[in-house]
Amino acid sequence: MLAFSLTVQTASAKEAAASAKSEGHAQAGLKFKDMDDAPWAEGYILKMQSKHVFQGFQDGTFRPNKPVTRVEAIVTAVRLMGLEDEAKSKPADAKLPFKDADHLSKKFPWAKGYVITALEQGLFDANENLIQPEKPASRVWVSSLLVKSLGFGDEALAQMTAKLSFKDANAIPAGSIGYVKLASEKGIVSGYPNGTFKPNKNVTRAEMAALLDRTNDGMLENAGAVKVNGIVKEISFPTVTGQTYGATVTGDTYGEIKVETVNQEVKTFSIQAGLMVGYHNKAIKADQLKVNDKVLLTVMDQKVVEAKLLGSNKPNEKPATNGKQQKRGKR
């Protein structure tokens, strides 16, 4: 499990980019100007952006090392839960039972529906009477928010007397112990290499993207998604004829992927061409996957909803062709 700080990186940005280029996988383009400020988080950020959960700023930056605010964290959690349409449908004149509700309405009117939805979903603590939208979100506060968004609030309450192994466990508020324990057990957050948790440390926007990605994995598991580890045997996407550019594959296009599992079973799933596939610290699109690639797929209702590229195909393999299924060539 990665530490929350994510200071230990499996590959640098340059190494990952060079690897992708040499192995024939084109890295998915990012529109943010400042990704070099947190290269370890590029893949997480791109995935959350593609899911319309976490966005950047109007100047084209993401500001990954900037502390995430409480209102930003609330909005992303509501979006991750699939409740954005519900949040946007809330009446503008709805009343909020917080002392600083007027401040939210004046400065962040666009976020009001998200806060209402979060309140209805039980994402706030019972004793919270302030939203504090601009306050940096702390590790302990985000842990509580994400555990609740996963639906484990009651389970967390039942573990409020649990003993935590962190060296600074005494610094964790009594009412947050169960949430921290569940967040750790569910793989959302862990401690630092020195054995501390640092509950009051601010969470950066890059770290929030990583935590949202882990929480998303938990949500999919709760919904019945299964993991499939195997080798790509065939992959294809139908082409769309464009007036200007001819035959193309769009990001919304669904194709078919066949994988051979470790048990030598060949399974077939549908997969979206624009699905973000985790690759080192980066991400590629699903239409860049190739025959003989080693992949870990998360599947629900015979559709790939998440994917990771674990290893590249062999150099002598040709990429999958659009409109046709490519079979493994002879060696």
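1. The model is predicted: local features need pLDDT of at least 70, side-chain atom pairs count only at pLDDT 80 or more, and totals for chains, interfaces and linings use all residues. Residues are numbered from 1 along each chain as its sequence is written, and side-chain values use heavy atoms, with hydrogens and water left out.

2. The chain holds 10 helices and nine strands, taken as DSSP runs numbered from the N terminus (helices H or I, at least four residues; strands E, at least two). Of its 331 residues, 51% are buried, meaning under 20% relative accessible area with a 1.4 Å probe, protein chains only.

3. Helix 2 (residues 42-50) is largely enclosed by the rest of the structure, because eight of its nine residues are buried. Those residues pack against helix 3 (70-80), helix 10 (205-222), strand 6 (276-279), strand 7 (282-285) and strand 9 (303-311). After helix 2 comes His52, with a positive phi near 60°.

4. The second largest pocket contains about 420 Å³ of space. A pocket is an open set of points on a 1 Å grid over the protein atoms alone, where a 1.4 Å probe fits, with protein on both sides within 12 Å along at least five of seven lines; lining residues have an atom within 4 Å of a point. The volume is the space filled by probe spheres set on the points, which are joined across faces, edges and corners.

Definitions and conventions
Buried means under 20% relative accessible area, exposed over 50%, partly exposed in between (1.4 Å probe, protein chains only). Contact means heavy atoms within 4.5 Å.
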